[in-house]
Amino acid sequence: MRAGVSITPGLPRPARLSTRTRRAPLVNAMLLSGTVLAFGTVASQLLNLGLSGQQQITIAVSEPVATSFSRPDIIDRNGRLLATDVEVPSLFADPAIIIDRDEVVEKLIIVLPDLDQNELHQALSDKLRRFVWIRRGLSPKLAQRIHDLGLPGLSFRSELRRAYPAGDLAGHVLGSVNVDNKGTAGIEKYIDDQIGVDAVHSVTLSTRAPVRLSLDLGVQHSLEDELDTAVRRYHTRGAAGLVLDIKTGEILASASLPRVDPGRPLPSTDPLLLDKVSGGTFELGSVFKTLTIAMAFDEGLAVPGTMLDVRAPLQAGRHTISDFHPAGRPLSVAEIFTHSSNVGAGMLALQAGPEKMKAFLGKLGLLQTLKTEAGAVSTPQTPERWERAELITVSYGHGLAVAPLQFAAGAAALFNGGTRMTPTFLKSQPGVGPAADRLVTPETSRQMARLFRLNVMDADGTGKRADVPGYRVGGKTGTADLASGGGYEAKAVISSFLGAFPMDEPRYLTFVLLFEPKGTAETGGQRTASTNAAPVTGRLISRIASQLGVQPLAIAATQ
Amino acid sequence: MRLMNLAAFCFTVASALLLYSLNYETRRLEAGVQVQERAAVKARSDIAILKAERGHLSRPERIDPIARQLGLMPPRPDQLTITSDVSALPPEHRMAEGE
């Protein structure tokens, strides 16, 4: 029986053995593939996270998100701050959770007395609104006072606000921004249009490079301060002035009084607050003779020694043109300049003729619209016809109204060696810019510089009160009747002085205008530019020459 | 084979734990970054205000009257001279550089 069964002891049974050996690799493979899959998933997820980076989280809010603009700083040519963004609290209300509307209005009016009570009441009555601005751009002190009221439904949100640390200095040039920090005028508008601002939903300061202006804060202050003094001293209705670098076209200072505060722009149309340097056109009077005489030199019609008989008045239609102080003898062209002879200027213009006169003024850019970074300069008002009468009156600065900046830019070409100069409010890089465009010959430029200096040095020169020992000042006076309603006002004048220094190598040009100055004891009752605008220019140059690094010469050598 | 499975299992658990702790560490670091970023924004805002205040305090309109009260005034031409003349001065009369 035992021998009949041939089973080897210790060996598994063949059927059981084959099932286990068949299943084992399958289980192992499944386990292995499960593990690989798990690891693969983890690895791919890690890879995915590593490559995709963190996604931005977006939160939708029910209230409107205030969009503001972050703006680059504005600095002067030496890096001193003129405008910057700062974080300020703004007050808003949620009408839905205001408990006692009347109490809120009543208490807020105490802290913010200029709020419109009815408007606020109405805005807070609408319970469907969840967000109402009450006052944007509060000072931290006011915000604290409102916070201390403990009124439910009122909250603060931080916003960007433009600050002007120098106050109203250069206010007309800087312009202004609106409540959303967007530029609305002046350089601020130029930044929006040409440089760029960034729309932001929170308080994010701009990372853009600051905008470097050509203005010099020290020169600007000196100009405004001297104009302030002039307004008080000569009882004027306003004043304006500018300082130009005639080699580069950079405007170093530009001021118009009364001032405007860029931090508190007024929606005023008061002509008194207008920027008189570029926003208004004026008949500038005898300073225009500078151009007439330069034209005569450049066209080869005269030299400084050419004699003209200016004794007889000129007839222009119904008008008789005569001199303010008749010399009673023939005058040389140089004397016509220093005596400011209307007849002499008229004779030179007649000699040239209307075409040459128009072409010369056009060449200097006085008949076209000029644009700067601070906006368009007022378009010149030119005569419709250029007949004899117009030609004579334009020769001594009447019948053609132009903005002071445009006039100064045109005149600058006569002193910088004769090349075109485009005024700019931005600091220019040395050697950058188009090739100089020649307008007058270097010889004309030299002759004009000599005449300018002569008019200040000469004992009879109208500009003698502008002299500053050591700084070689030159210049020309202008006393123009103030145009009003198609005619001229009887006793109102614009007195001006176009100055330049140092005249051995002219570099800077100043233009000072006083509107409706009165005669005082100091001026001997006179209102003419030689008694007011000229000394103002002298005082201005004595302050700014050293700031601009002009080397004073030994006083004896300059006389 | 069983040993390998056990090792794989342990490795998986260890990896999961590591991943879990890394996740939390990342979140902690992110929170730290946010705190630093907020501090940077606050610092930038403070700098802007300080710059504006410095500009306001050093505005010429304020400095001018203070300087005049102290007896200072714009330099006269005779108080200025050219550099070459200054360098000709004997050393004891020369101003130290940077003064």
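What follows is a set of questions and answers about this predicted model.

Student: Hi! How should I read the numbering and the confidence limits here?

Tutor: Residues are numbered from 1 along each chain as its sequence is written, chains are lettered from A and ligands numbered from 1 in the order in which they are written. In this predicted model, totals for chains, interfaces and linings use all residues, while side-chain atom pairs count only at pLDDT 80 or more and local features need pLDDT of at least 70.

Student: How many helices and strands are there in chain A?

Tutor: Helices (H or I, at least four residues) and strands (E, at least two) are DSSP runs, numbered from the N terminus. Counted that way, chain A has 16 helices and 20 strands.

Student: What radius of gyration does chain A have?

Tutor: Let's start from the outline: the C-alpha trace of chain A spans about 170 × 65 × 50 Å along its principal axes. The radius of gyration is taken over C-alpha atoms, and the globule rule is 2.2 Å times the number of residues to the power 0.38. For a compact globule of 559 residues that would be near 24 Å, but chain A has 38 Å.

Student: What percentage of the residues of chain A count as buried?

Tutor: A residue is buried if 20 or more other C-beta atoms lie within 10 Å of its own, exposed if 12 or fewer, and partly exposed in between, with C-beta atoms placed from the backbone. Among the 559 residues of chain A, the buried share is 46%.

Student: Which residues does Ile392(A) touch?

Tutor: Ile392(A) sits in helix H12 (residues 388–395) of chain A, and is buried, with 24 other C-beta atoms within 10 Å. Two residues are in contact if their C-beta atoms, placed from the backbone, lie within 7 Å. Leaving out residues up to four places away in sequence, Ile392(A) touches Leu314(A), Ala316(A), Ile321(A), Gly346(A), Ala349(A) and Leu350(A).

Student: How are H7(A) and H15(A) oriented, parallel or antiparallel?

Tutor: Axes are lines fitted to C-alpha atoms, for helices over the stretch in contact, and angles run from 0 to 180 degrees between N-to-C directions. Helix H7 (residues 217–233) and helix H15 (residues 533–547) of chain A pack with their axes 10 Å apart, at an angle of about 160°. Angles under 35 degrees count as roughly parallel, over 145 as roughly antiparallel, 65 to 115 as roughly perpendicular and the rest as oblique. H7(A) and H15(A) are therefore roughly antiparallel.

Student: Which residues of H15(A) make that contact?

Tutor: From H7(A) come Gly218(A), Val219(A), Ser222(A), Leu223(A), Glu226(A) and Ala230(A). Facing them from H15(A) are Val536(A), Arg539(A), Leu540(A), Arg543(A), Ile544(A) and Gln547(A).

Student: Where does the cis peptide bond of Pro258(A) lie?

Tutor: This bond joins Leu257(A) and Pro258(A), with omega about 0°. Pro258(A) is in the loop between strand E11 (251–257) and helix H8 (289–298) of chain A.

Student: What is omega for the cis bond between Phe501(A) and Pro502(A)?

Tutor: Pro502(A) lies in the loop between strand E19 (487–501) and strand E20 (508–515) of chain A. For the cis peptide bond that joins Phe501(A) to Pro502(A), omega is about -20°.

Student: What is phi of Ala170(A)?

Tutor: Ala170(A) belongs to the loop between strand E5 (154–163) and helix H5 (171–174) of chain A. Ala170(A) is also buried, with 30 other C-beta atoms within 10 Å. Its phi is positive in a residue other than glycine, near 55°.

Student: Last one: which element supplies the largest share of the side of chain B that touches chain A?

Tutor: Chain B has 3 helices and 0 strands, and 5% of its 99 residues count as buried. The contact takes 24 residues from chain B and 31 residues from chain A. On the side of chain B, helix H1 (2–57) and helix H2 (60–69) each supply at least two residues. The largest share, 13 residues, comes from H1(B).
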